[in-house]
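Please read the following short report on the nonpolar parts and ring pairs of one protein model.

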Amino acid sequence: MNDQIKNILKGITDFWNDLRNGVSKINEFKRIRKDKKEIWIKASYTPVKDKSGKVVRVIKFAQEITTTRQVIDSVKESIELAKKGVFNQEIKEVSDNQSIEELKKNINDLYKIISKKIENIFLTILYLYSL
């Protein structure tokens, strides 16, 4: 068994051991559907204890956030390109999260402004060299 699989199995074991010990878990989790498609959920796993303090079940509340994660991943990639000086770009992925969409729009607007300013600087330099 390779180290990556061992780490995954250890993470799963630790996760369920924490729940058995009464520790709630709230996070984003990657899941693979039956059709092998990767999805993301934001979930809360809450242990429920009986009167003696023993965990008798776990309640899970979850919401699929795949489109939000896709936009966030695109924003990360976009920022890496911007660090290399690439501003003529647009984040096109769509999320059902209004806050994420607003952030994406603002980033795209910023790239347009920077691209226009760079273009103006370039044109000014060309003009000055033509004198």
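## Nonpolar patch, cores and ring pairs

On the surface, M1, I5, I8, L9, I12, W16 and V58 form a nonpolar patch with about 650 Å² of accessible area together. The model is predicted: local features need pLDDT of at least 70, side-chain atom pairs count only at pLDDT 80 or more, and totals for chains, interfaces and linings use all residues. Residues are numbered from 1 along each chain as its sequence is written, and side-chain values use heavy atoms, leaving out hydrogens and water.

Helix α1 (residues 3–20) gives the most to the patch, with 5 residues. M1 is found in the segment before α1. M1 counts as exposed (over 50% relative accessible area) because its relative accessibility is 67%.

The largest nonpolar core has 8 residues: V71, V75, A82, F87, I91, I100, I107 and Y111. Helices α2 (66–83) and α3 (98–130) each supply at least two residues of this core. Another core, of 7 residues, lies apart from it and includes F29, I39, I41 and A43. Core residues are buried (under 20% relative accessible area) and joined through side-chain atoms within 4.5 Å.

Aromatic rings pair if their centres lie within 6.5 Å; planes under 30 degrees apart count as stacked, over 60 as edge-to-face and the rest as tilted. By this rule there are 6 aromatic pairs. Two of them are listed here.

| Pair | Type | Centre to centre | Angle between planes |
|---|---|---|---|
| F29 and Y45 | edge-to-face | 5.4 Å | 90° |
| F87 and Y111 | tilted | 6.3 Å | 55° |

F87 lies in the loop between α2 and α3 and Y111 in helix α3, so their pair ties together parts 24 residues apart in sequence. Both F29 and Y45 are buried.

Notes
Patch = residues over 30% accessible without salt bridge, like charges linked within 9 Å, V, L, I, M, F, W, Y side chains within 5 Å. Areas by Shrake-Rupley, 256 points an atom, 1.4 Å probe, with all protein chains shown as cover. Salt bridge = Lys/Arg side-chain N within 4 Å of Asp/Glu carboxyl O. Helix = DSSP H or I, 4+ residues; strand = E, 2+ residues; numbered from the N terminus. Buried < 20%, exposed > 50% of the residue type's maximum accessible area, 1.4 Å probe, protein only.
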